[in-house]
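Here is a short report on one protein structure. Look at the sequence and the model, then read on.

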Amino acid sequence: MATAAASNAPAASFTRGLEGVVAGETEICSVEQGALIYRGYEIHDLAQHATFEDVAFLLLVGHRASKDELRFFKDELIANRALPNQVVEYLRAAGPMLKDGTAVPMDVLRTAVSILGNMDKDAQKIDAEANLRKAKRLTAKIPTVIGHMQNIIDGRDLVGQETGGDANLSHAGNLYYMMTGKKPSAQYERTIDVSLILYAEHDYNASTFASRVIAGTLSDMHGAVTGAIAALKGPLHGGANEAAMDMLSEIRRDIGPANDKAKIEAWMHKAFAEKRKLMGFGHRVYKNGDHRAPILHGLGRKIAEAQGAEQVALFEMGEIVQAQMLREKNIHPNVDFPCGMTYFVMGIPVPQYTPIFVASRITGWAAHVMEQHANNRLIRPVSVYTGPALKKWKDA
Ligand code: CMC
């Protein structure tokens, strides 16, 4: 807790970064050291027994889908996968910027979602039914935006431009297919599926809070999601999955091809001395470990083991880094650390890791926007003024 600095400031206190501040209520998710729960279901249970479509329905609609509800929901997602031509045209126009690095995929995805809002017939409506329709359309279309973007970057014809992909593939499998033009193996499909389950929701994290602040002004779903994407991009939040992999690549470049433990530890000591934030480590809520990280680490490592020594070496390097962080800093990896390694061994391009996070978290954001609209009060905190004392404009 810090207190007001200015002498005539009101007696007020605040917590930097709102740490520990309870900013609202939610029925959607509980993030605690003991468990991560989506609407009553614990994350290990969901990761083992559910699919992303099950979880998306649970988050968006509020209860576990019946067989018929699930079938209908999946059909709705499949039917809504294709993009309007105007969005495809925009993605093509963004190609040169993506290729020269002026824009990164998160920026282009953010703009594409905003354009989708311009074209959605329910755009200005914020009633529960319209919000749910928009949430489903966004959930269906975001993987197509990601896929087309990657096709454009790779110089490939757009996969599934008319259909949004292969109707026989799951949401996770189709995302991979749209990006690569290749059907995923069962192991790849399930690993992406679980990563989407793990990323889907996390209560009042920064991007979700941003989406609720926007929705709290009675602004619309696409606007709230556009703002949430901007918040997720940052490396302290969702951008950490890309940043974690970039960091591991940097270590590999610096130490050479072999996992020399002494060299890795020396690299880490230098990072500690420079007070560097190591990406994919630490969490505002979880101080004894992130429930999601070991689940994804296990799945990613299995893929690496099936592929060979080079991929296993990446995980082994990650494990040395993890062990040292815990031993010397008492800081655990968060979900973004194994995510970076897992997507890497699957051949997914690093700049698409955070957009894939969006393809999942859209469900959590949309659920929160709907919850906010259903029981709204403007979110408007106050600040402690620390600027200059009062002076006269006329005398200056
Ligand atoms: N590397 C090095 N030191 C760290 C790290 C880290 N990743 N995380 C925390 N610390 C240290 C920090 O320097 C501070 O030390 P000191 O008290 O000596 O100044 C102490 O631990 C407390 O850290 P903090 O920054 O006050 O903690 P916070 O709750 O404000 O930040 C965090 C949480 C996630 C922003 C931070 O841990 C971080 O920057 N991690 C790296 C980025 C990252 O992986 N983000 C993903 C977050 S989880 C999933 C998601 O949202 O995608």
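Helices here are DSSP runs (H or I, at least four residues), numbered from the N terminus. This is a predicted model: local features need pLDDT of at least 70, side-chain atom pairs count only at pLDDT 80 or more, and totals for chains, interfaces and linings use all residues. Residues are numbered from 1 along each chain as its sequence is written, and side-chain values use heavy atoms, without hydrogens and water.

Buried means under 20% relative accessible area (1.4 Å probe, protein chains only). Among the buried residues are Phe-52, Val-55 and Phe-57.

## Two helices side by side

Helix α8 (residues 186–199) and helix α13 (residues 292–307) have axes that come within 10 Å and cross at roughly 165 degrees. That makes the pair roughly antiparallel, a word used for angles over 145 degrees. Axes are lines fitted to C-alpha atoms over the stretch in contact, with angles from 0 to 180 degrees between N-to-C directions.

Contact means heavy atoms within 4.5 Å. Residues of α8 in this contact include Tyr-188 and Leu-198; those of α13 include Ile-295 and Lys-302.

## Cysteines

How many disulfides does a search of the whole structure find? It finds 0. A disulfide needs a pair of cysteine sulfur atoms within 2.5 Å. For Cys-29, the nearest cysteine sulfur is that of Cys-339, 18 Å away. Cys-29 is buried, with a relative accessible area of 7%. Cys-339 is buried too, at 0%.

Conventions
Buried means under 20% relative accessible area, exposed over 50%, partly exposed in between (1.4 Å probe, protein chains only). Angles under 35 degrees count as roughly parallel, over 145 as roughly antiparallel, 65 to 115 as roughly perpendicular and the rest as oblique.
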